[in-house]
Amino acid sequence: MKFTTGSAIIALQFACAPAFAQTHAETASLPAADTASDASTPGSEPENEIIVTGTRDRSRTQFDTLAPVDVLSADAVRSSISGDLSDTMAQLLPSFNVQRLPAADGQAFVRPASLRGLSADQTLVLINGKRYHRSALLGTRGAQAPDLAGIPSLAIKRIEVLRDGASAQYGSDAIAGVVNIILDDTAGMEAFGQFSQYDRGDGKEYQVGARGGIALGDRGMLVVTGEYDHSEATSRTRQRPDAILFQNANPTLAVPNPVQRWGQPDEERIRGALDAHYDLSDAATLYAFGTVQQGEGVTDFNWRNPAGTGSVFNSSTAFPGFSFLKLYPVGFTPRFGTTFSDYQANGGVRGAIGDRFTYDISAAAGRSRIEYTLNESLNASLGPLSPTSFYLGRLEQREFNLNADFVYRLPVGTTDPVNIAFGAERRVETYQVSAGDPASYAVGPGAATGLAPNSNGFPGFSPAVAGTFGQTSYAGYLDLEWKPVEMLTLGAAGRYEDFSEFGNTFNYKFAARIEPIKGIAARATYSTGFRAPTPAQLNTSQTTQGLNTSTLEIFTQGRLSPSDPLAVALGAKALTPEKSRTATAGLTFQSGFGLSGSVDFYQIDVNDRFSQSQASPPPKDVPNPQRFTAISFFTNDFDTRTRGIDAVLSYAHPVGPGRASLSLAYNYNQTKVRSGASAAIPDNTQRRVFEERLPQHNGTATVGYEIGPVSLLARGRYYGAWTDIAANGTTQLFQRFGSIALFDVSARYALTEHFSVRVGAENVFNTYPDEATNQAVRGLIYSRNAPYDTDGGQYYVRLGMTF
């Protein structure tokens, strides 16, 4: 695969200084497991850290890797105000994007994150080298990705981000790359308390956490972490124009101002983590680790205007003399609530037999459960019998994995041994949809006279869409690395995988690195990859409601299973795996005076890319009992090509009486649709979704200085132009937004050896983006699809304790 000069896209990504300012070098416990042990050596340089992601050779450092790997230290992870790990990574990695998505159903609480502009579920997430379960939520364009907000930041030792395709090494999903979260397994105790709020006085957030690690004699370690996070809602809203008109026409009524809120939800979470190991002998170590979270939240939906929502407020012959105006004289704004819980538990035995052979046998279970409620609403078709609060149903994702991983270091003459890693995996994935209250999906007698069925705002899951769906897969892999001469390292990997729902796939990877001059190296990889459709994507349907900004009427859209008769009539077909081809090539260097960096070109071709079809009017010759006004479905519709360059540059050196660090970061990433049925639609809606919804330019610049007990940090974040794309019934609304720069500052003071205080601000200049004019009729001021926070400046204070 070649990078053509005319169309090759350059994306430069420099890692933030805190991300590479770690002062410990960890050794890998078992290459086969891709985990980190409790050993560490203070004072080593960051480039000498042992890396366990993208390689199963226990001697690889960040500088030695065959593919680019970013390392985010514990200090970098904790430098962000947000308790959501997705926000933190988006601030530190320019190629990592996350959206706020207020009033976007479940996505207001489980937000999609994107690496290199690809789909959220095209990045594989690991904890201690083991696959982390998906969320039960199907997000943007049906992506089903893990919920990173469920992982406590205080439990994290470091995060390794492999920016390269790795399906041949790890299996499904690793198209854009791999995020490997290494849990802290060291002795000691630390705790923190943090308070923050926005410049306008709302969005108050209270966070507390503690981590304690105790040695189990000289044979093991037990570490437990807990966090509590309570965040209050924000509101960046104007009164809707139609609400003003309604108030003027009805001066005796008190219409709320605003009638609905646009902003972050009210949310509360409890998170925990455990990491433990115990040496049974020199050849066997028992280990266990896991995470858990539980929480709840609530957000607003669109206001129902009595003057314009005839499907609710019109009179009906089914209910003579009854009107919902008696219940909601000024209309109503449904309140969408959620409760959620997750757990991930891993356990196994690992060890070494002699100096050449290591093994890791493990099992893992994960579950994500999400339940939805709707308050201050109604089912208009039930008339006076309608409740105002509804239980909408439950979504549940369950996964169970068995893994056997082995590494043998084969002696080859006088050269370094050949690192031979091999293993097998069995995965069982189950998705369950449980029905809500009958009133939440009922089609009552008023439906025949034009009153809307279902709970208004978010129809509940009916028995027709409820069910349990599963998929089982088996895999085997071989992964080789060899250093035939001092300057050259070669790698090759292959993985065969068989899925019960669609058959088998084989993927491979080749890699090479050459260091002709000490401290300067070139590296390149080529790999194939895939992402298997999940049981949820294959089998489920969902109903959503929204406001048509032209007619100001509520529309009901069905995202149907590809096997649904309505979807089939519109051309839906059975889903197949997404397939990818990835090529990278780059340079990396390190110096003896604190300067290091890398530049890596990449090209990612994804065929049969997963998307959601354009919303279309339902066919008239097929029964439509839910009265959908628009229908869409999941489809393998597009072939895309993503090109870019990642570059990392950092410098750290003593300056005056202290130590200074400087880093720059810039990412330029472009995706083009090469082919696709929906790409030929005249308005190019789906094409623009892939090509324009995220900035092509992203950058950061960070300066840090430490002197005695004082640490100072300043960071600038740059986001390039992007296009807002919002559903509007069977059409889409587009608005182009320009670039924006946000600045963060913080200062930390060590009060004593054990206590510290940090104060700071994110978006310290209280900068706001351009207003979202095409959504103004809904009271929305700033786009809800923005890849950055649109709530203005946020200020915080954090107290820390370590022992």
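Buried means under 20% relative accessible area, exposed over 50%, and partly exposed in between, with a 1.4 Å probe and protein chains only. By that scale R513 is buried, and so is E515, and the side chains of these two residues meet in a salt bridge at 3.3 Å, N to O. The model is a predicted one, in which local features need pLDDT of at least 70 and side-chain atom pairs count only at pLDDT 80 or more, while totals for chains, interfaces and linings use all residues. Residues are numbered from 1 along each chain as its sequence is written, and side-chain values use heavy atoms, with hydrogens and water left out.

**Salt bridges**

Side chains of opposite charge can pair when their charged atoms come close. A salt bridge is taken here as a side-chain nitrogen of Lys or Arg within 4 Å of a carboxyl oxygen of Asp or Glu, and the structure holds 48 of them.

| Pair | Closest N to O distance |
|---|---|
| E396 and R369 | 2.6 Å |
| R687 and E691 | 3.7 Å |

Helices (H or I, at least four residues) and strands (E, at least two) are DSSP runs, numbered from the N terminus. The salt bridge between E396 and R369 links distant parts of the chain, with E396 in strand β17 (residues 390-412) and R369 in strand β16 (residues 357-375), 27 residues apart. E396 is buried, with a relative accessible area of 4%, whereas R369 is partly exposed at 24%. R687 and E691 are both in helix α9 (residues 685-692), and because they are 4 residues apart there, about one helical turn separates them. In that pair R687 is partly exposed, with a relative accessible area of 25%, and E691 is buried, with 15%. Beyond these pairs, R131, R134, D173, R427 and E429 are linked in a network of salt bridges.

**Cavities and pockets**

On a 1 Å grid over the protein atoms alone, a cavity is a set of points where a 1.4 Å probe fits but cannot get out, and a pocket is an open set with protein on both sides within 12 Å along at least five of seven lines; lining residues have an atom within 4 Å of a point. Grid points are joined across faces, edges and corners, and a volume is the space filled by probe spheres set on the points.

The structure holds 19 cavities of 30 Å³ or more, and the second largest cavity has a volume of about 570 Å³. Its lining is made of 37 residues, of which S82, D87, R100, R111 and Q264 are the closest to the centre. Two or more lining residues come from each of α2 (85-92), β12 (220-231), β13 (266-281) and β30 (710-719), and the largest share, 4 residues, is that of β13. For the classes, Ala, Val, Leu, Ile, Met, Phe, Trp, Tyr, Cys and Pro count as nonpolar, Asp, Glu, Lys and Arg as charged, and the others, Gly among them, as polar. The lining of the second largest cavity then divides into 12 nonpolar, 11 polar and 14 charged residues.

The second largest pocket holds about 400 Å³ of space. It is lined by 22 residues, with S462, V465, L560, Q626 and F628 the closest to its centre, and β23 (542-547) and α8 (565-569) each supply at least two residues of the lining. By class, this pocket lining has 13 nonpolar, 8 polar and 1 charged residues.

**Backbone details in loops**

Most residues other than glycine have a negative phi, and most peptide bonds are trans. R116, although not a glycine, has a positive phi of about 60°; R116 is placed in the loop between β5 (113-115) and β6 (123-127) and is buried, with a relative accessible area of 1%. N454 likewise is not a glycine and has a positive phi, of about 70°; N454 is in the loop between α6 (438-441) and β19 (467-485) and is buried at 2%. A cis peptide bond, with omega about 0°, joins N257 and P258, and P258 lies in the loop between α4 (241-249) and β13.
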